[in-house]
Amino acid sequence: MRVTDSLMSKNFLRNLSANTENVMKYQNQLSTLKEVSKPSDDPLKVSKILDLNNSIIQNDQYKTTINDAVQWTNVQDSALSSATESMQRIKTLIQSSANDTLSHEDRQANKAEIESEIQGTVDALNTNFGGRYIFAGMNTTEKPFNVEKNADGKITGITYEGTKEGNGNLSREIAPGVSVELNTDGRKFMNAQNTDGSDNLGTFFSEVLTALDSDDTKKLSSLLDRADQEIENVVSNRAKTGSIYNRLNATLERNDSEKLNLKSMLSENQDIDLAEKYMEYTMESTAYQAALSMGTKILQTSILDYL
């Protein structure tokens with residue numbers, strides 16, 4: 001009889017310990033609202049939760065990169081809009097100056113305005129975003145475009161001091177294994193007409209100013225087609241920047257959608273169903289109280305057997 005009572009006591013204490021652990025487990029889940037609080041609770045689930053958390057962190061990092069690229073392309077679009085307006089004004093002034101009825105003084109007045117628009121074009125292409133020049137290629141900390149002047153202070157053209165070799169477009173990783181190239185190679189705006197780069201936007205400006213000084217209306221008329229080419233070049237690059245902007249916005253939407261999916265999966269693995277968990281806690285607590293009540297009788301009987 002004593003052996004039986006002893007076994008009953010041991011079984012009771014073992015089961016009571018298990019009940020106690022279950023009650024504590026549900027109490028902890030209800031207080032934290034989490035399924036697991038340490039790896040030993042469920043190693044596989046904890047591993048999955050860690051992977052999901054890492055994916056969410058990576059998703060946030062990509063979103064930061066995408067947002068920065070979107071802002072970058074917005075600034076580029078604004079800069080190219082200003083450059084286009086300056087170039088169009090320069091064409092209008094060339095067209096006006098090609099009129100034989102204009103006096104030398106009138107052409108000099110047009111020249112002064114053209115010089116101002118040349119400086120405006122260069123200023124637009126030298127736009128700085130967050131301490132980085134947007135058309136400097138890889139060399140984003142150095143001002144890429146400079147206005148050249150002679151000893152008399154007259155504009156003789158412009159030069160480009162950004163990336164001069166290789167690909168000058170900055171690349172940004174916007175998703176795992178997916179990158180986008182920002183339109184940052186300023187050499188495109190120089191629009192070189194030959195392989196050595198000698199006949200470019202700077203040359204065009206120089207020829208315009210020289211023709212104005214000499215009242216060469218025939219040369220000015222011939223430069224109108226070149227003006228159209230230079231304007232088209234800026235507009236074409238602006239359109240390319242716009243397409244990059246559209247791609248980035250589409251990627252940003254996918255990024256947001258992916259984050260919602262990741263958070264939903266994380267919640268399914270990590271968060272508790274409060275109503276269900278409270279019901280389980282109540283049932284386990286009831287079982288625990290019943291076990292205590294039954295255990296009192298078992299332990300009393302076992303102790304009396306030894307008296």
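User: Is N237 buried or exposed, and what is its relative accessibility?

Analyst: Keep in mind that this is a predicted model. Buried means under 20% relative accessible area. N237 has 6% relative accessibility, so N237 counts as buried. N237 is part of helix α6, residues 217–270.

User: Which residues does N237 touch, beyond those up to four places away in sequence?

Analyst: N237 touches L80, N183, K188 and F189.

User: What share of the residues in the chain is buried?

Analyst: Buried residues make up 37% of the 307 residues. The chain exposes about 16900 Å². Carbon and sulfur atoms supply 50% of that area.

User: How do I read the order of the elements in the chain?

Analyst: Start at the N terminus. The run is α-α-α-β-β-β-β-β-β-α-α-α-α. That comes to seven helices and six strands.

User: Which residues of α5 are buried?

Analyst: First, the general idea. An α-helix has 3.6 residues a turn, so residues three or four places apart point the same way. Now the case here. The buried residues of α5 are L201, G202, F204, F205, V208, L209, A211 and L212.

User: What is found at the start of α5, and what follows α5?

Analyst: At the start, a side-chain oxygen of N200 reaches to within 2.9 Å of the backbone nitrogen of G202. After α5 comes D215, with a positive phi near 55 degrees.

User: Which residues in the largest nonpolar core touch the most other members?

Analyst: The general idea comes first. In soluble globular proteins, nonpolar side chains tend to be buried together. Here the largest nonpolar core has 46 residues, and I94, I114 and F204 touch the most other members. Helix α2 gives the most to this core, with eleven residues. Leaving out residues up to four places away in sequence, I94 touches I114, F204, V208, L220, L224 and A227. A second, separate core has seven residues, including I49, L52, L262 and L266.

User: In what sense do strands β3 and β4 pair?

Analyst: β3 (145–149) and β4 (155–160) pair in the antiparallel sense, over five bridges.

Key
Residues numbered from 1 in each chain as written. Predicted model: local features only at pLDDT ≥ 70, side-chain atom pairs only at ≥ 80, totals over all residues. Heavy atoms only, no water. Helix = DSSP H or I, 4+ residues; strand = E, 2+ residues; numbered from the N terminus. Buried < 20%, exposed > 50% of the residue type's maximum accessible area, 1.4 Å probe, protein only. Areas by Shrake-Rupley, 256 points an atom, 1.4 Å probe, with all protein chains shown as cover. Polar contact = N/O pair within 3.5 Å; in protein donor to acceptor, adjacent residues only side chain to side chain. Pairing = 2+ DSSP bridges. Contact = heavy atoms within 4.5 Å. Core = buried A, V, L, I, M, F, W, Y, C linked by side-chain atoms within 4.5 Å.
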